[in-house]
Amino acid sequence: MTRYVCVHGHFYQPPRENPWLEMVERQEAAYPFHDWNERITDECYAPNARARVLDEHGRISWLLNNYAHISFNIGPTLLGWMHDAAPDTYEAVLAADRESAERFGGHGSAMAQIHSHTIMPLASERDRRTEIRWALADFRHHFGRDPEGMWLPETAVDVTTLDLLAEHGLRFTVLSPYQAARVRHEDERSWHDVADGSVDPRMPYRVRLPSGRSIAVFFYDGAIARGVAFEGLLDSADRFVDRLVSGFADHDGPQLVNIATDGESYGHHHRHGEMALAAALRDLETRDDVALTNYAQYLAMHPPTHEAEIVEASSWSCAHGVERWRSDCGCAAEAGGHQAWRTPLRDALDWLRDRLAVRFEGEAAGLLHDPWAARDDYHHVVLDRGGHLAGFLASHARHDLDEDELTHTLRLLEMQRHALLMYTSCGWFFEELSRLEPVQILRYAARAIQLAQLCAPGDDLETGFVTRLAAAASNVTRYGDGRGVWTQLVAPEVIDLSQVAAHFAISSLTWTYGSTERIGAYEVVRDDLHEHEAGRARLATGRLTVRSTVTNSRTQVEFGVLHLGDHNFTCGVRRCGADEDYLGMRRALEHAFETADFLEVMRTIDARFTGDGYSLRSLFRDEQRRILKAVLAGSLEETETTYRAIYRSRAALMRYLADLEVGLPRALHRTAEVVLNADLDALLGAAEVEHERVRRLLAEAERFDVDLDDEGLAHTLNATVAATADDVATRLEHEPFTAFEPRHAATLQRIHELVEVVQLVPFDVDLAPAQDLLWRVLQRHQTSLRQRAEEQDAIAQRWARELATLADALGVAASDLGDHHGRSDTMAVVPDPA
């Protein structure tokens with residue numbers, strides 16, 4: 001074989017975790033999902049692990065783990081999130097790398113990626129080294145092997161970066177064709193200019209480096225990649241295959257047609273793009289004139305015969321090199337807007353980085369043998385704080401650290417971690433300074449500043465940083481400039497141990513906590529608690545120990561919190577003092593509360609707890625939403641009851657007006673919209689979905705021309721399908737199929753009814769959990785069922801008919817499992833996806 005195809009997917013999301021809590025909080029723009037990571041996992045990352053290939057009748061004939069058949073990288077921060085929040089997808093990715101190694105001559109398809117997605121040519125050499133070393137540590141932690149290739153964020157590159165990759169044992173990277181400056185055969189002396197993008201992408205090139213090392217570079221086929229990303233090539237798997245095969249030249253010898261795009265093209269940017277990819281991969285695998293491969297295998301089989309020189313400080317997403325991440329180059333410009341903020345943003349961060357470096361060196365010198373070597377090694381601790389810290393300290397600490405020294409050391413290292421994260425490329429990529437992405441990197445800067453202040457109080461880094469940030473002009477009037485963005489969007493997000501205590505105190509009035517609780521990256525121990533109720537009002541006082549699981553810093557506090565119902569919370573927190581002062585505070589609050597003098601309770605909280613007061617606004621976002629949901633539940637129920645009463649009393653009139661084709665008055669139309677959406681959401685979320693009631697409600701919605709909340713209702717029904725599949729899986733997956741009892745009939749009927757509801761609704765619903773369940777059952781049992789059915793086993797014949805009916809309903813290609821008379825010679829065998 002001399003003709004090979006390699007499809008690369010760069011799967012990445014900007015880091016979204018709260019820098020203090022180390023967790024992703026709710027993002028309203030991702031509705032109906034919790035956050036964008038969760039949404040894009042549902043649309044792209046998970047579907048690519050079980051992509052559907054359809055037969056000529058539109059039925060599922062194959063499930064493919066796309067990751068095992070392509071080349072891919074997944075950003076370290078995204079992969080870490082997957083490990084915790086999407087474990088099934090995470091495990092599928094790891095399994096795909098192992099499977100690809102078997103398929104591609106011992107070369108796994110996963111590539112590493114620079115850790116913080118920083119633009120390497122704009123980073124200091126010290127930061128570049130740490131980014132590479134953290135990327136390697138992260139990759140080994142997840143995949144259990146050394147990577148052969150490294151993906152560069154935005155493919156941003158210069159010779160220094162390539163030399164560092166080679167120094168660390170990386171064999172190759174992937175670049176845009178427009179990043180090749182000139183090429184030549186290794187036996188030639190003269191160079192050929194290809195800076196116009198005319199490089200031949202069908203081979204790897206060797207780039208010789210100043211150190212005497214070299215590294216291989218693959219330049220992807222820009223035209224085909226552009227077709228996938230922007231020109232609708234994924235609308236047809238056949239067109240996709242034809243386009244890939246058309247990339248071969250008409251000559252003998254080894255050739256590689258390779259493309260690289262954002263992995264999100266396959267499902268998120270292009271709906272069902274993962275299915276087009278899967279169908280294309282299956283097609284290519286069945287051909288005898290083409291073979292799939294990954295970069296590492298091809299490089300091992302066909303080492304470079306040509307050399308290349310790259311375009312210095314270039315990237316795949318900026319026509320101006322790397323200016324998109326430091327100047328107003330015009331990329332991402334919108335009408336009437338500008339990106340002049342990019343330069344002062346980078347300047348402010350560079351200023352902060354340099355001052356943090358001085359502080360790090362000075363403070364860590366007496367604690368660590370080599371502070372920068374310790375930073376390079378610190379990611380092992382981040383990956384497993386409980387398991388790796390002792391070994392890390394044994395290697396890097398100058399002496400056994402006491403508790404205060406340990407906290408000081410961890411604060412310094414965390415300061416540096418956030419100093420790296422604040423250069424995440426997404427902060428400059430888009431059109432406006434106040435977007436989520438720039439605000440996120442400023443939050444990292446805020447955390448780094450906070451840690452610096454805790455390590456060495458006195459030097460006011462924040463003032464100097466914000467002064468420089470003020471030179472960054474926003475396109476949004478309400479913010480004005482970087483100072484406004486910082487003041488309104490960043491500074492209010494800063495969290496300290498007292499705020500964690502306040503969060504615990506307030507939320508404990510609406511949630512039952514144990515004696516020890518984990519709140520994000522903090523551990524809270526309830527040392528003492530006293531609660532009182534008077535009607536809707538509640539009072540709590542107590543003592544807490546709050547500890548950061550990241551830096552090991554801790555504090556002991558006393559609190560008093562009053563809840564007057566609904567959203568009305570008043571809370572005070574202070575450091576623990578003498579026992580008699582604590583008892584005096586408690587008695588004063590309890591006396592006022594027992595006499596229902598709530599105004600006096602609030603005055604006492606204000607008097608006894610000087611400094612910041614706390615309210616519902618002080619809670620972390622997810623807990624705030626939970627309490628608001630509980631607070632609003634009664635009000636919403638009351639409001640819906642009112643709407644429902646109006647709807648029922650006016651329904652006949654509304655139907656009459658609809659039949660006359662007279663538009664409903666706005667008030668009545670709004671009433672129908674509220675009631676029908678609420679009722680549908682409740683029905684679709686029930687364990688047993690009532691088909692006929694859903695049908696009637698949908699008919700009413702159509703009759704009254706009501707706008708349904710398609711996204712929200714689909715999300716609810718998706719969750720019901722998934723929950724039903726999970727429940728049924730426990731009954732069917734390990735079923736021996738040696739009996740067919742009423743419980744079996746009920747289980748199958750439940751799925752059929754759910755499928756009927758899915759077919760009713762006017763929006764797309766994800767049947768994948770149910771389809772996957774049936775797929776697993778067929779894979780495990782269909783051969784034995786066939787054999788038993790052929791032997792006239794009546795139970796097997798019954799199960800074959802039932803599963804065939806279910807497969808037909810779910811669109812799975814296994815419809816002829818047997819008929820009423822027991823004939824099973826036409827039983828379709830679903831291929832093993834492996």
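**Histidines, cores and a sheet**

Guide: At 18% relative accessibility, H270 counts as buried. Buried means under 20% relative accessible area, exposed means over 50%, and partly exposed is in between, with a 1.4 Å probe and protein chains only.

Visitor: What kind of model is this?
Guide: This is a predicted model: local features need pLDDT of at least 70, side-chain atom pairs count only at pLDDT 80 or more, and totals for chains, interfaces and linings use all residues. Residues are numbered from 1 along each chain as its sequence is written, and side-chain values use heavy atoms, with hydrogens and water left out.

Visitor: Where is H270 found?
Guide: H270 is in the loop between strand 14 (255-262) and helix 8. Helices (H or I, at least four residues) and strands (E, at least two) are DSSP runs, numbered from the N terminus.

Visitor: And what does H270 touch?
Guide: V228, A229, L234, E264 and S265, not counting residues up to four places away in sequence. Contact means heavy atoms within 4.5 Å.

Visitor: What about H142, buried or exposed?
Guide: H142 is buried, with a relative accessible area of 8%. H142 belongs to helix 4 (residues 125-143). Leaving aside neighbours within four places in sequence, H142 contacts L79, G80, Y90, L94 and L383.

Visitor: How far apart are H142 and H83?
Guide: They are 59 residues apart in sequence and 9.1 Å apart in space, C-alpha to C-alpha.

Visitor: New topic. How many residues are in the largest nonpolar core?
Guide: That core has 96 residues. V5, F72, M150, F240, L244, I259 and Y295 have the most contacts inside it. The largest share of this core, six residues, comes from helix 8 (residues 273-286). Apart from it lies another core, of 93 residues, including L21, L406, L413 and I506.

Visitor: What counts as a nonpolar core?
Guide: A set of buried Ala, Val, Leu, Ile, Met, Phe, Trp, Tyr and Cys residues joined through side-chain atoms within 4.5 Å.

Visitor: How many aromatic pairs are there?
Guide: The structure holds 22. Rings of Phe, Tyr and Trp (its six-membered ring) pair if their centres lie within 6.5 Å; planes under 30 degrees apart count as stacked, over 60 as edge-to-face and the rest as tilted. F172 and Y295 form a tilted pair: 5.9 Å centre to centre, 50° between the planes. This pair links distant parts of the chain, with F172 in strand 9 (residues 172-175) and Y295 in helix 9 (residues 295-301), 123 residues apart.

Visitor: Are those two buried or exposed?
Guide: F172 is buried, with a relative accessible area of 2%. Y295 is buried, with 1%.

Visitor: Which rings link into a cluster?
Guide: Ring pairs join F11, Y45, Y67 and F72 into one.

Visitor: Last thing. In what order do the five strands of the open sheet run?
Guide: The order is 17-18-19-20-21, with antiparallel pairing. Two strands pair if DSSP finds at least two bridges between them. Strand 17 (516-519) and strand 21 (569-575) are the edge strands: each pairs on one side only.

Visitor: How many bridges join strand 20 to strand 21?
Guide: Seven bridges join strand 20 (residues 554-563) to strand 21. E558 stands opposite R574 in strand 21.
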